[in-house]
Amino acid sequence: MEEKLPSKSEQLLASTENGVKATSCSVFISIALRVATITHAQVVDTEPRSITVVENQENVELHCRIGRPAQLCLIRMPGLNDQIALSPTEKSPVAGYHYHGEGLDKGSCGVRIDRVTADNAGLMNCTLFVDGRGLTGSIEIVVAFPPQQPVIEVVQGNLANVEVNSQLMFRCTAERGNPAANLSWFLDQEQIYEGVQFPEAPEEYYDERSNKHMFTATSTLKRAVRAEDNGKRLTCQAQHLAYPEGVSRTDLILDVNFQPQALPDQVVYGLQLGRTATASMVIKANPSPHVMWNIDGTDYHQGTEQGRYAVPIPEALGNNRYNVSLTIAGLTLEDLSKTYVLRASNNFGVEEYRLTLRSQDEVFSESSSFGTGEIVGLVLAVVIVLLAIALIVGARATGRWCFRGGKIC
């Protein structure tokens with residue numbers, strides 16, 4: 001079957017229809033773009049988008065802006081029953097709230113609050129009317145108030161009877177603040193990171209009487225107690241912008257019980273034969289140690305005198321350090337050959353220490369590290385050097401040897 005070609009009139013009609021469709025589509029796209037442009041231009045910008053202020057903070061400014069002149073500015077503020085109309089040319093209808101901005105003709109609408117209260121927490125809405133249409137922006141207001149002073153409690157272990165290597169768990173809480181405080185731990189001003197844990201979110205509490213949302217911050221610390229922790233200050237510090245000084249602290253002093261600490265073998269030098277000698281060492285313990293010296297199988301307890309030996313009561317030096325001594329009347333050579341064993345104990349353990357004595361003569365002998373051979377060699381070397389110098393001087397004076405620069409050679 002032969003296909004019939006369209007006539008010229010039919011072609012013209014089809015072309016016209018296509019042109020109309022294209023024109024309609026173009027007009028639709030143009031209108032859509034114009035609407036999108038107008039809509040974008042009418043977005044309300046807020047400064048800031050959210051703000052955190054301290055309760056009773058003064059002269060807080062909140063601002064909304066649109067890209068076109070506005071005819072009316074309405075503010076709905078948490079803490080006020082009704083929204084209020086604010087204008088740069090008219091007095092505010094509510095005391096303490098004033099117009100803030102650059103003028104309605106510039107699309108500027110805002111409020112300055114003389115003094116923020118807890119009731120102002122929430123969303124502040126600003127509505128600008130442009131050509132009879134209201135556009136609204138929002139600013140979130142967080143009114144901060146300080147939590148209570150942080151509190152430390154022991155949730156694992158007995159703080160009244162702490163021993164070395166015992167496991168303790170402390171919990172610190174700072175209650176009823178907004179927002180929640182930031183907590184951190186310190187030991188004598190040095191921040192602790194190991195063993196510190198925080199919950200996923202602070203605990204929230206709503207107080208109907210004050211209409212406040214409150215938050216409790218919590219942190220726990222697990223620590224294996226060491227002997228060097230004794231006497232140190234454990235501190236929980238809460239940081240919050242509403243605290244007068246920015247932080248609030250609570251601390252406690254750690255009282256760690258530990259047995260006398262080990263020391264390497266001790267040597268006491270410089271004792272004089274025939275005179276009363278005192279040998280001493282410093283040990284660490286908490287509580288104070290009870291000491292006993294063992295000399296050749298005989299025990300000598302603290303606070304006693306027996307024969308030529310006297311054992312004073314340990315002298316407290318502070319910071320759990322004690323000076324332990326033994327006094328020997330009329331030191332003899334035999335005393336220098338003995339080994340003295342100190343046994344120190346308290347309720348948490350026992351430790352033994354070994355001590356030997358050296359006389360003043362032995363110190364001199366030991367400090368002279370040259371043996372007989374070294375001394376003889378040194379003397380011979382000095383003699384040889386002196387003889388060489390004498391020979392050179394004599395030869396030059398008598399002219400027996402030829403020296404460079406001399407007249408006779």
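Modeller: There is an open sheet of five strands, ordered β21-β30-β29-β23-β24, with mixed pairing. Strands are DSSP runs (E, at least two residues), numbered from the N terminus. Two of them pair if DSSP finds at least two bridges between them.

Biologist: Which strands are the edge strands?

Modeller: β21 (266-271) and β24 (298-301); each pairs on one side only. Neighbouring strands of this sheet are turned by 25° against each other on average, direction ignored. Those angles are between axes, lines fitted to C-alpha atoms; in general angles run from 0 to 180 degrees between N-to-C directions.

Biologist: How do β29 and β30 pair?

Modeller: In the antiparallel sense, over seven bridges. β29 covers residues 340-346 and β30 covers 349-359. V341 stands opposite R354 in β30.

Biologist: Before we go on, what kind of model is this?

Modeller: A predicted one: local features need pLDDT of at least 70, side-chain atom pairs count only at pLDDT 80 or more, and totals for chains, interfaces and linings use all residues. Residues are numbered from 1 along each chain as its sequence is written, and side-chain values use heavy atoms, with hydrogens and water left out.

Biologist: What pLDDT does the protein average?

Modeller: 84, and 81% of the residues score at least 70. pLDDT is the predictor's confidence in each residue, from 0 to 100.

Biologist: Where is the pLDDT below 50?

Modeller: Residues 1-41 are one such stretch, with four contacts (heavy atoms within 4.5 Å) beyond near neighbours in sequence. Residues 363-370 are also below 50, with five such contacts.

Biologist: Now β4. Which residue stands opposite L72?

Modeller: F129 in β8. β4 (residues 72-76) and β8 (residues 122-130) pair in the antiparallel sense over five bridges. β4 also pairs with β5 (residues 84-85), antiparallel, over two bridges. There, L74 stands opposite A85.

Notes
Helix = DSSP H or I, 4+ residues; strand = E, 2+ residues; numbered from the N terminus.
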